[in-house]
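Okay, thanks for coming, everyone. Let me put the model up, and then I'll walk you through a few spots.

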Amino acid sequence: RTRAVGVATIALTASVLASGLPLMNVLPRPLLGSLLMANGVELTKLWLWDARRWIDRPGFAMLFAMICSALLFGQTAAVLLGALCAVFLSHLRLSRANALKYHLTSRSCHPSASRPHHAQAFLRRHGGAIHLIGLEGFLYGGTVSRLSRYVLRASERHGREMRFVLLDLQATHGIEPSACTLLRRLRRQLKARGVSLLVAAASSQMVAALSP
C-alpha cells in the first residue's frame with residue numbers, strides 16, 4: 001500500500017511538471033506559505049530533536065553545527081563544515097577501531113599440515129614461546145597504540161615464556177607513519193624484555209616503513 005502511494009505521488013508530480021501549466025497559481029498564496037512553513041517546522045524538529053534517537057553524540061553535534069553555520073554564514077559554509085567534520089569523525093572512528101584479528105600461540109595453533117612426532121612434542125613443550133597475532137584493516141596510530149599496550153600486558157602475563165611475537169599483516173591495507181613509529185618503539189620495548197618482534201605477510205612499502 002505504501003509503495004502504491006509513493007508511485008502515485010511520483011507520477012502525479014511528474015505529470016504536473018511535464019505539463020508546464022502554472023497550477024501553483026491556482027492555490028492561494030497564504031495556503032502555499034503555510035504548507036512550506038509547516039514542512040520547514042517538521043523538518044527542523046526531525047533533524048534537531050528526533051535525530052538524537054538514531055545519531056550518536058558526535059554526529060548530532062556535527063548536524064547542529066551545520067544548521068547553526070547555515071543560519072549564520074549560509075549553505076555553502078554549512079556544506080564545507082559538514083564535509084570537514086565528516087572526514088574528521090571518520091578518521092577518529094577508524095583510529096579507535098580494534099585491529100586485532102586473532103591471538104594464538106604455537107601450542108594452541110593446529111595447522112592442517114602434518115608434522116613429525118618430535119616436532120609436535122617440541123611445540124607442546126615450547127609452543128608458548130611463540131605468539132601469533134593477526135591484524136586487519138588500516139593501521140592508525142590509535143589502533144597500534146592499543147595493540148602495543150595489549151602486547152606488553154601479554155608479555156607481563158606470560159613472563160619469560162614468551163620469546164617471539166609474530167605479527168600477521170596479511171589482512172591489513174596500509175599503515176600510518178605514526179603507527180610505524182609506535183611499532184618500532186614496541187620492538188625496542190619487547191627487545192628489552194628478551195622478546196623478538198617479527199612481521200609476516202607485509203608489503204614492501206610496509207617493510208620499508210617498519211625498518212629502523
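Let me start with a question: is Arg193 buried, partly exposed or exposed? Arg193 is partly exposed, with a relative accessible area of 41%; by the cut-offs, buried means under 20%, exposed over 50%, and partly exposed in between, with a 1.4 Å probe and protein chains only.

Quick housekeeping. This is a predicted model, so to speak of local features we need pLDDT of at least 70, and side-chain atom pairs count only at pLDDT 80 or more, while totals for chains, interfaces and linings use all residues. Residues are numbered from 1 along each chain as its sequence is written, and side-chain values use heavy atoms, leaving out hydrogens and water.

Back to Arg193. It forms a salt bridge with Glu156, the closest N and O atoms being 3.6 Å apart; the criterion is a side-chain nitrogen of Lys or Arg within 4 Å of a carboxyl oxygen of Asp or Glu. Glu156 sits in helix H6 and Arg193 in the loop between H7 and E4, so this pair ties together parts that are 37 residues apart in sequence. Glu156 is exposed, at 56%. As for labels, helices (H or I, at least four residues) and strands (E, at least two) are DSSP runs, numbered from the N terminus.

How many salt bridges does the whole structure have? The search finds 2. The other one to look at is Lys45 with Asp50, where the closest N and O atoms are 3.0 Å apart. Lys45 is partly exposed at 43%, whereas Asp50 is buried at 10%.

Now stay on H6, residues 141–158, and find Ser155. Ser155 counts as buried because its relative accessibility is 5%. Leaving aside neighbours within four places in sequence, Ser155 is in contact (heavy atoms within 4.5 Å) with Met162, Leu190, Arg193 and Val195.

E2 (130–139) and E3 (164–175) run parallel and are joined by 9 bridges. Leu139, for one, has Ile175 in E3 as its bridge partner.

Methods
Pairing = 2+ DSSP bridges.
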